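Hi everyone, thanks for coming. Let me put the structure up, and then we'll walk through a few parts of it together.

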Amino acid sequence: MKRYFADLHIHIGRTKSGKPVKITGSKTLTLSNILHTAKNQKGINIVGIIDCHSPEVIEEIEDLIFEGKLEELSEGGLLFENETLLMMGSELEVYDTTCKGPIHVLCFIPTLKMMKKFSCWLESQLKNIHLSSQRIYATGRELQKQVKAVGGLFIPAHVFTPFKSLFGKGVERSLTEVFNPELIDAIELGLSSNTEMADHLKELHQYTYISNSDAHSLQKIAREYQVIQLD
């Protein structure tokens, strides 16, 4: 078993052409800059970029594949310069009739083909497919089914932050008010909680906890991360 360092919640501020993706993100937070910074400055082996549903970001990924800087792996993900793994994700905001407030979730999609399919479906569910963390006009359970249909992972994001999270404002008593518990792959604790706090909720005991940077700038990458043991 080897140890790998992973930060699975990093935003893209701007595309290569300068168009905004995460409006509150730094202009230097581009796809290429994230990959270079994670690999060469932060020592991060696995990078989760959660704005990969944006069509221009998909185009940039294709350009990097063409240039030989990214390689698609058969079991999912893309390898950057033969060393750093890119996991393609999408952060979305669920706020349907069952929610007391908006809930952010992370959806990780294994292949570029499946990400394109997921992005195509999202375009009919969002007001602006080009931006990050957009409200999706579908229920939480409908979103879970779509993620699983493309072989993805579904993770509620920063679940205890006061706003835009599962327990911060989203539900009154249980995650089952909004989601199918069997289609949740992990729980992201975020910057405002830890394992001890999360363990007070018995319904979370069945899940793996993760904690990431939610970086809006290059400097914030890996301010929180996890160590993963893998074959």
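So, which strand pairs with β1 in the parallel sense? That's β2, residues 46-49, and the pairing runs over three bridges. Within it, I10 stands opposite I49. Before going on: this is a predicted model, where local features need pLDDT of at least 70, side-chain atom pairs count only at pLDDT 80 or more, and totals for chains, interfaces and linings use all residues. Residues are numbered from 1 along each chain as its sequence is written, and side-chain values use heavy atoms, with hydrogens and water left out.

Two strands pair if DSSP finds at least two bridges between them.

Back to β1, residues 2-10: it also pairs with β11, residues 226-230, this time in the antiparallel sense over five bridges. There, K2 stands opposite L230.

Next, the rings. A search of the whole structure turns up four aromatic pairs (Phe, Tyr or Trp rings, the six-membered one for Trp, with centres within 6.5 Å). Take F160 and F167: their ring centres are 5.4 Å apart and their planes sit at 25 degrees, so this pair is stacked. Stacked means planes under 30 degrees apart; over 60 is edge-to-face, and the rest are tilted. Both F160 and F167 are buried, meaning under 20% relative accessible area with a 1.4 Å probe, protein chains only.

And the whole protein? Six helices and 11 strands, with 54% of its 231 residues counting as buried.

How values were computed
Helix = DSSP H or I, 4+ residues; strand = E, 2+ residues; numbered from the N terminus. Buried < 20%, exposed > 50% of the residue type's maximum accessible area, 1.4 Å probe, protein only.
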